[in-house]
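Hi,

Here is the structure we talked about. Please have a look, then read the notes below.

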Amino acid sequence: MNISERTPLNGPEAVLDYGHGEFRVVRPGAFVRCAVTGVPIRIEELRYWSADWQEAYASPEAVQLRLRRAGRA
C-alpha cells in the first residue's frame, strides 16, 4: 500500500498528551491536526510534536515554521 492507497480518515479527532519521546492517548480517535497547517495526521503516522506546547506537527518543515513564529529559530 502506498500513500495514495490509504483509506480515508474515519473516526473522531483524538486528544493526546504529548510527552518527551512519547505520547499518551487522552481521548481515542483516528487522527490529530497539525498545529501549523491544520492537516489531519493519522495517529500511527505521528512523528513530530512538542511536549512544551502540547502540539502535533505534520512535518519537520511545520516544526521549523512554528519555531520561527515563536522566535526560537
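**What was found**

The protein exposes about 5000 Å², and carbon and sulfur atoms supply 50% of that area (Shrake-Rupley method, 1.4 Å probe; for residues, only the protein chains shown count as cover). This is a predicted model: local features need pLDDT of at least 70, side-chain atom pairs count only at pLDDT 80 or more, and totals for chains, interfaces and linings use all residues. Residues are numbered from 1 along each chain as its sequence is written, and side-chain values use heavy atoms, with hydrogens and water left out.

The fold has 1 helix and 6 strands. Their order from the N terminus is β-β-β-β-β-β-α. Helices (H or I, at least four residues) and strands (E, at least two) are DSSP runs, numbered from the N terminus.

Of the 73 residues, 27% are buried (under 20% relative accessible area, 1.4 Å probe, protein chains only). The largest nonpolar core holds 12 residues, including Leu16, Val32, Ile43 and Tyr57. Such a core is a set of buried Ala, Val, Leu, Ile, Met, Phe, Trp, Tyr and Cys residues joined through side-chain atoms within 4.5 Å.

Val32 is worth a look. Valine 32 sits in strand S3 (residues 31-33). It counts as buried because its relative accessibility is 3%. Leaving aside neighbours within four places in sequence, valine 32 is in contact (heavy atoms within 4.5 Å) with residues including Ala14, Leu16, Ile43 and Ala56. Its C-alpha atom is 9.0 Å from that of proline 12, 20 residues apart along the chain.

Best wishes

Definitions and conventions: Buried means under 20% relative accessible area, exposed over 50%, partly exposed in between (1.4 Å probe, protein chains only).
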